[in-house]
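I opened the model to look up a few residues and what surrounds them. My entries follow the structure.

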Amino acid sequence: MHNAHIVYKFKDGKLEEGLKIWEEAVYEKIKHAEGFVRIQLYTHGNEMMAIGSWKEKSFAENFMKTGVFKDLMASFGEFLEEQPVNKTYELRYFESKE
């Protein structure tokens, strides 16, 4: 499994607007993407962290090739304090009671 993390830092008072934009631009599309496993979105202060889990890295890369991130960044406009930080991780251990 492949996990991609993106952290967005918003200007004061812009997080809620950014969440709405992200939901329309990413959430509604990612649910139908090939190889998609799950999406998690966390917030803290003016930061938002999205964690997308994919069956394999290639599925995440293909989703990004659709232009979804480029469109999202254009929609955010001046809402962001700085460029998002993107990190990827390979899952080594996972435990769930589900």
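I count two residues as in contact when heavy atoms lie within 4.5 Å. The model is a predicted one.

Entry one, serine 53. I found serine 53 in strand S3, which covers residues 47-54. Setting aside neighbours within four places in sequence, I listed the contacts of serine 53 as Met1, His2, Asn3, Gly35, Phe36, Val37 and Arg38. Is serine 53 buried or exposed? I call serine 53 buried because its relative accessible area is 1%, and buried means under 20%.

I looked along H1, residues 15-30, and noted a kink of about 40° centred on glutamate 23. The buried residues in H1 are Leu15, Gly18, Leu19, Ile21, Trp22, Ala25, Val26 and Ile30. What covers them? I noted that the cover includes strands S1 (2-9), S2 (36-44) and S3, along with helices H2 (57-65) and H3 (68-76).

I looked up the largest nonpolar core and found 24 residues in it. Tyr8, Phe10, Trp22, Met48, Trp54, Leu72 and Phe76 have the most contacts inside this core. Two or more residues each come from S1, H1, S3, H2 and H3. H1 gives the largest share, seven residues.

How values were computed: Residues are numbered from 1 along each chain as its sequence is written. This is a predicted model: local features need pLDDT of at least 70, side-chain atom pairs count only at pLDDT 80 or more; totals for chains, interfaces and linings use all residues. Side-chain values use heavy atoms; hydrogens and water are left out. Helices (H or I, at least four residues) and strands (E, at least two) are DSSP runs, numbered from the N terminus. Buried means under 20% relative accessible area, exposed over 50%, partly exposed in between (1.4 Å probe, protein chains only). The bend at a residue is the angle between axes fitted to the seven residues ending there and the seven starting there. A nonpolar core is a set of buried Ala, Val, Leu, Ile, Met, Phe, Trp, Tyr and Cys residues joined through side-chain atoms within 4.5 Å.
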